[in-house]
Amino acid sequence: MSKNKTLLDIIGPVMIGPSSSHTAGASRIGYMAGKIFGADVSMNQIGNSCAGSKIKKVNFTLYNSFAKTGFGHGTELALLGGVIGFLPDDIRIKNSFEIAKNMGLEFNFSYKEDFNFHPNAVEISLVGEDESSSINVLGTSVGAGEIVINKINGYKFDLRGDYTTLILIYKDAPGVVYRVTSLIQSQNVNIASMHCDRNAKGQVASMGIALDNEISDYTMQKLSEINDMYLIRKLDKIR
């Protein structure tokens, strides 16, 4: 069955910059990476909690088309602006390098050709002030401003920003998935979709849960009380 076209498919996203894939998509990837780290970013503050740590530095590795043509499309500006907290229609993206420097955020870009990666792929490594707090995100821009977050700390996800989404990384153990989903459903919140991944039985595992409704602070607190939860994030819908 073919996907119904929307106005976005016809005219593209509202954005600063020339390219929906290399500019709008890039800023959305950066924005989601910052939120996954735990950043609550404003002009006066960058970062707010990956284990209580602010973002100190961010390294971007651009692949293939992103690496070859990104400069002309403002991809670097958009990625960094996204991490700072700018969405595609924010005019401050044009000044994101200067803004980041004024905020004390270190940033670096590297470029690779590797056809094991999507043509518009970027790896983002965000490091906190204490150096031990870090998050690694792989994202791809798939056209018309649409994106996918494919991996977080090496674990597979399928995050697109079109739902309120829970991200959990935890120790794999019997009953964890049941406890998480039961908590969500007990608050009358419907699960739209769910993706789980693990490297091996009893090792570190991950869950990405897309929700039809907002989730309460109470539920987030209860989730954090489950044993061996290493990372819990709630990403608000961004489009």
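Select Ile124 and show what surrounds it: beyond its neighbours within four places in sequence, Ile124 is in contact (heavy atoms within 4.5 Å) with Ile29, Gly30, Ala33, Val58, Asn59, Phe60, Leu79, Ile135, Asn136 and Val137. Before going on, note that this is a predicted model, in which local features need pLDDT of at least 70 and side-chain atom pairs count only at pLDDT 80 or more, while totals for chains, interfaces and linings use all residues. Residues are numbered from 1 along each chain as its sequence is written, and side-chain values use heavy atoms, with hydrogens and water left out.

**Stop 1: around Ile124**

Colour strand E3, residues 120-128, and you will find Ile124 in it. Helices (H or I, at least four residues) and strands (E, at least two) are DSSP runs, numbered from the N terminus. Is Ile124 buried or exposed? Ile124 counts as buried because its relative accessibility is 1%; buried means under 20% relative accessible area, exposed over 50%, and partly exposed in between (1.4 Å probe, protein chains only).

Next, click Phe60. Leaving aside neighbours within four places in sequence, its contacts include Leu79, Leu80, Val83, Phe109, Val122 and Ile124.

**Stop 2: two cores**

A nonpolar core is a set of buried Ala, Val, Leu, Ile, Met, Phe, Trp, Tyr and Cys residues joined through side-chain atoms within 4.5 Å. The largest one has 39 residues, and Ile36, Phe60, Ile124, Ile152 and Leu159 have the most contacts inside it. Select helix H2 (residues 20-37), which gives the most to this core, with 7 residues. Apart from this core lies another, of 18 residues, among them Val180, Ile184, Ile191 and Leu223.

**Stop 3: helix H7**

Leu223 leads you to helix H7 (residues 217-224), where Thr219, Met220 and Leu223 are buried. They are on the same side of H7 because they cover an arc of only 100° around the axis, taken from the directions from the helix axis to the C-beta atoms. Show strand E7 (164-171), helix H6 (176-186) and strand E10 (229-235): these are included in what covers the buried residues of H7.

**Stop 4: the sheet**

Finally, display the open sheet of 4 strands, ordered E8-E9-E7-E10 with antiparallel pairing; two strands pair if DSSP finds at least two bridges between them. E7 and strand E9 (residues 204-211) pair over 8 bridges. Pick Leu168, and its bridge partner in E9 is Met207.
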